[in-house]
Amino acid sequence: MATTLHPTLLKLRERIEKRSAATRAAYLSNLPQGPQNRTAVGCANLAHTTAIFPSPTKRVISLHKSPHLGIVTAYNDMLSAHQPFALYPELIAKHAHALGATTQVAGGTPAMCDGVTQGREGMELSLFSRDVIALSACVGLSHDVFDGAILLGVCDKIAPGLLIGALGFGHLPFVFIPAGPMETGLSNSEKAKTRQLAAQGKASRETLLQSEEKAYHSPGTCTFYGTANSNQLMLDFMGLQFPGGAFELPSSPQRQALIAESVRALESATRNPALQLGTLVDSRCLMNALVGLMASGGSTNHTIHWVSVARAAGYLIDWTDLEVISSVTPLLTRVYPNGTEDVNAFQAAGGTAGLLATLIDGGFVDGEAPTVWGTSMANTVAEVLPTAEAFSTRPPGPSRNLEVLRPYTDPFQPDGGIRLMQGNLGRGVCKISAVKKEHRFVEAPCRVFTDQHQVIDAFERGEFTQALVVVLAHQGPRANGMPELHKLTPILGVLQDRGLPVALVTDGRMSGASGKVLSAIHVCPEAKADGPIARLRDGDVVRVDAHEGVLHTTADLSQREPMPTPAQAVSHGRGYFQVWRNTVSSAEEGASNLFTD
Ligand SMILES: O=C(O)C(=O)C[C@H](O)[C@H](O)COP(=O)(O)O
């Protein structure tokens, strides 16, 4: 059993720490120091805080007799993953009271579903919603009468946004309490097959709707390994939620036990200054999360979000760092879109506990990193047992399904799921874990578009008959807020199934659920920031090579004018985000408006 970290990861950690020395020190020195005591808060302020409570509870809170725990909730029932949160504040309060602690909902944040908005106007608000959520979390926490707080949010932008917001209050301990995935419905591959048939006019709208309803059928997170489930795994790897608990079902006894146990852990963490969030989220914790992302072939969206999460804790990371991590981290899971099974099958095989355990054994995850539980990652990670009475665990064992979860000694591939793509067209990323080896290289004339619906129209007109690189420009954060372009997945899949070499190059994003087709996405600099992709024209030969990480054109772009910038639509609230588009940082810098220095 390896006890030391992989030398490449160790060296990278040292580089990140060195590069971030000033920003990390500034972050830590700006955290309020020493114990915070509510008895120092003004009486009128406290009376406002406790106005809703009966007299005895008022005194307990105002005299700081026990921990007062805030709850920041991203509850709404538009998101199946968040619907169970309706009951959580009451459950949390019950468990906290049993420990003598009190709770209060500090605030709510928005939460949008990318499944609902995919391919529609609302998707142009999606990426920016992460920063809105971070800001909203800060507004809730600004009441500043808490000893610690619970974060309720699971989906794509929401968990990273909550974490970034919470890091603004890094002097407090935080715990995430998720709700878990929905039960397995129609398999993801069946769903994708019906979508491809519909894209070719071979399945009716009614057939398609029924297929979708069988896939998305109840409360809980979607079952594919997309952005939400990737971040759930990463939070387990950071020890910010119970390491091993992410994928217990909403209605399971394990989930009920995890809610109680998480409240217990947070209540206890309020007495341990070493567990304040800002201290806990250090370079080990961040790198463990990124190793988890690479080992599981997780969502490309986190190459953007975790740059911002790191920045919020004072760390400077970029895609070269992610490429280094990916180059040495073995791919150990196969969950759709990287395989055929879903996260419930992954959980049954051993889940995040099994994955963490083998990555600790192999020296990829630092088992010494602390968790909110107050014990090291290696000493905390466990599988939760289905007993209703009390929280009960067993140590992670070997994988129970080698088609889904492998030990580090026998990986699906020797390196990780995301590759950095670079060349004379800029820098982007590719989720190679979902792309078969034979589809990882395309060199072909391109077709250039500036709207995903133009691509769909061209497909429907039968214009794609030869090897092709689809270039979709002006989809970056400065252009239209960097939407996910997952509506293109079925048609690109159809072209690939017809035997055409096909690849996508874009400065936009793809859903974590996108797979199968080679793509270089998040391309920086984006077209709107005068990136080279703005100078491509139909017929230019573009090479997308995920084996070597190359994104290149043979065309001479030096004498070309950039293509005209499409007008930005302002309906559906998009006009209000113009100032965000004007000032947002690049995708590689986290696509954020929160960090101005
Ligand atoms: O994981 C992500 O990044 C997402 O954006 C989740 C969205 O809900 C997907 O768009 C839905 O995935 P599909 O059902 O395959 O369309």
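Predicted model: local features only at pLDDT ≥ 70, side-chain atom pairs only at ≥ 80, totals over all residues.
User: What makes up the area buried between domain 1 and domain 2?

Analyst: The area is about 770 Å², and carbon and sulfur atoms give 53% of it. Met 182, Glu 183 and Tyr 336 supply 52% of what domain 1 buries against domain 2.

User: Why is the pair Arg 13 and Asp 366 called a salt bridge?

Analyst: The closest N and O atoms are 2.8 Å apart. The cut-off is 4 Å, so the pair qualifies. Arg 13 sits in helix 1, Asp 366 in the loop between helix 18 and helix 19, 353 residues apart.

User: Why does Arg 13 count as buried?

Analyst: Its relative accessibility is 14%. Buried means under 20%, so Arg 13 passes. Asp 366, at 11%, is buried too.

User: What makes Glu 443 and Arg 543 a salt bridge?

Analyst: N to O is 3.4 Å, and the rule asks for within 4 Å. Glu 443 is in strand 9 and Arg 543 in strand 13, so the pair ties together parts 100 residues apart in sequence.

User: Why is Arg 461 called exposed, but Glu 463 partly exposed?

Analyst: Exposed means over 50%. Arg 461 has 55%. Glu 463 has 32%, so it falls between the 20% and 50% limits. These two form a salt bridge at 2.6 Å, within a network that also includes Arg 447 and Asp 538.

How values were computed: Residues numbered from 1 in each chain as written. Heavy atoms only, no water. Buried area = accessible area lost by both parts, 1.4 Å probe. Salt bridge = Lys/Arg side-chain N within 4 Å of Asp/Glu carboxyl O. Helix = DSSP H or I, 4+ residues; strand = E, 2+ residues; numbered from the N terminus. Buried < 20%, exposed > 50% of the residue type's maximum accessible area, 1.4 Å probe, protein only.
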